[in-house]
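Me: I have a chain to look over and some questions about how it packs. Can we go through them one at a time?

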Amino acid sequence: MSEQVNLFKKAAGEKAVEYIKDGMIIGLGSGSTVYWTLKKLGELVEEGLNVKGIPSSLRTEGWAKEFKIPLTDFSEVQTLDIAIDGADEIDPDFNLTKGGGGSLVREKMVDAHSKKLIIVADESKMVSQLGEFPLPVEVLPFGWEVTAKKIEALGAKPVLREREDSIFISNNGNYILDCHFHTIADPKKLHHELKQMLGVVETGLFIDMTDTIIIAGQNEVKVIDH
Ligand code: 5RP
C-alpha cells in the first residue's frame, strides 16, 4: 500500500470517531482503515470516554485490546448504537463488497445489528459498479467443490482463498471463495441467488445497509449521507 493511500485511510478512519458519543455500544469493523478508528478511539477512552465495542474479527479484537477499548459481545447486547467498518468496493447506491480480509460474516452480524453504519475508505474504493474486486463468499468446507461449481454456473470464476500455501480458514472455521464476476449488474439479486445455495454461509455483498460513507482523497475528507 502506498504511503499516500495509507494517509487517506488514516484521515477517513479518524474522522469516524467524531460520531462516537459517551455510553455508546460500537461495532468495530475490520481492515487497515478501521485500524485508525480504533487507535483514535483508544486515545479517547484513555481520556475518559465510556464506550464498549463488539469486534468483527479476531484481528480487530487484538487491536481493540492493544488500544484498551472495553469489549462486550452479543450475550450482553442485542443492538449496537453505531458500527464503523471498511469496504473493498462501494457503488453509487452505497452497496458494498466486503470480505477482502475474510471477516465478512462477523462484519455483517455486527453491521446489521447497528442502528447506524458508517463506512470508512480511501477514494479508490468508490466504483460505478461492483464486481471488479472478486466477491468473497464464505462457504462450508464440506463439499466446497460442488458449491464452487454452482457459483461458477452463475458466471463467476470462484477461486479458493489460500494463505502461505495452505487454505485460508475464516474466523468461523470456513473457507472463502473469491468469485471473479468482473461486473455485478444486480447485487441484490446475486446476493439472494448465492444465499439460496446449500453450502454458502454468507456473501460479501452488503446491500441497503450503509447510512454514511467517509471517503478520503487528495484534498479532502468527504462525508456522504445516504
Ligand atoms: C475485511 C473487510 C475490510 O473492511 C475491507 O477489506 C477494507 O479493508 P481496508 O480498510 O484494509 O482497505 O471487509 O473482511
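Me: Which residues of helix α5 are buried?
Reply: This is a predicted model. Helix α5 covers residues 144–152. A residue needs 20 or more other C-beta atoms within 10 Å to count as buried. In α5 the buried residues are Thr147, Ala148 and Ile151.

Me: Seen down the axis of α5, within what arc do its buried residues fall?
Reply: The buried residues of α5 line one face of the helix.

Me: What covers the buried residues of α5?
Reply: The cover includes one helix, α6 (187–195). Strands also take part. Among them are β7 (135–139), β8 (157–160), β11 (175–180) and β12 (200–203).

Me: Does the chain's radius of gyration agree or disagree with that of a compact globule, and what is the value?
Reply: The chain has 226 residues.

Me: What share of the contacts in the chain with a separation of 6 or more is between residues 24 or more positions apart?
Reply: The chain has six helices and 15 strands. Of the contacts with a separation of 6 or more, those between residues 24 or more positions apart make up 75%.

Me: How many residues are in the largest nonpolar core?
Reply: In soluble globular proteins, nonpolar side chains tend to be buried together. In this chain, buried residues make up 47% of the 226. Among the core members that touch the most others are Ile26, Ile118 and Leu177. The number of residues in the largest nonpolar core is 51.

Me: Leaving aside neighbours within four places in sequence, which residues are in contact with isoleucine 118?
Reply: Contact here means C-beta atoms within 7 Å. Isoleucine 118 is one of the core residues that touch the most other members. Beyond its sequence neighbours, isoleucine 118 is in contact with Ala16, Tyr19, Ile82, Ile84, Asp211, Thr212 and Ile214.

Me: How many charged residues are in the shell around the ligand?
Reply: The ligand is surrounded by 18 residues. The closest are Gly31, Ser32, Gly86, Gly100 and Gly101. By class, two of the shell residues are nonpolar and 11 are polar. The charged residues number five.

Me: Is phenylalanine 94 buried or exposed?
Reply: Phenylalanine 94 lies in the loop between β4 (89–90) and β5 (96–97). Its phi is near 70°, a positive value in a residue other than glycine. Phenylalanine 94 has 20 other C-beta atoms within 10 Å, so it is buried.

Me: Is aspartate 208 buried or exposed?
Reply: Aspartate 208 lies in the loop between β13 (205–206) and β14 (212–216). Its phi is near 50°, also positive in a residue other than glycine. Inside 10 Å aspartate 208 has 10 C-beta neighbours, so it counts as exposed.

Me: Which residues are in contact with proline 141, leaving aside neighbours within four places in sequence?
Reply: Proline 141 is in the loop between β7 and α5. With 13 other C-beta atoms within 10 Å, proline 141 is partly exposed. Its contacts beyond those sequence neighbours are Asn174 and Tyr175.

How values were computed. Residues are numbered from 1 along each chain as its sequence is written. This is a predicted model: local features need pLDDT of at least 70, side-chain atom pairs count only at pLDDT 80 or more; totals for chains, interfaces and linings use all residues. A residue is buried if 20 or more other C-beta atoms lie within 10 Å of its own, exposed if 12 or fewer, and partly exposed in between; C-beta atoms are placed from the backbone. Helices (H or I, at least four residues) and strands (E, at least two) are DSSP runs, numbered from the N terminus. The arc is that of the directions from the helix axis to the C-beta atoms. Two residues are in contact if their C-beta atoms, placed from the backbone, lie within 7 Å. The radius of gyration is taken over C-alpha atoms; the globule rule is 2.2 Å times the number of residues to the power 0.38. A residue is near a molecule or strand if its C-beta atom, placed from the backbone, lies within 6 Å of it. Ala, Val, Leu, Ile, Met, Phe, Trp, Tyr, Cys and Pro count as nonpolar, Asp, Glu, Lys and Arg as charged, and the others, Gly among them, as polar. A nonpolar core is a set of buried Ala, Val, Leu, Ile, Met, Phe, Trp, Tyr and Cys residues joined through C-beta atoms within 7 Å.
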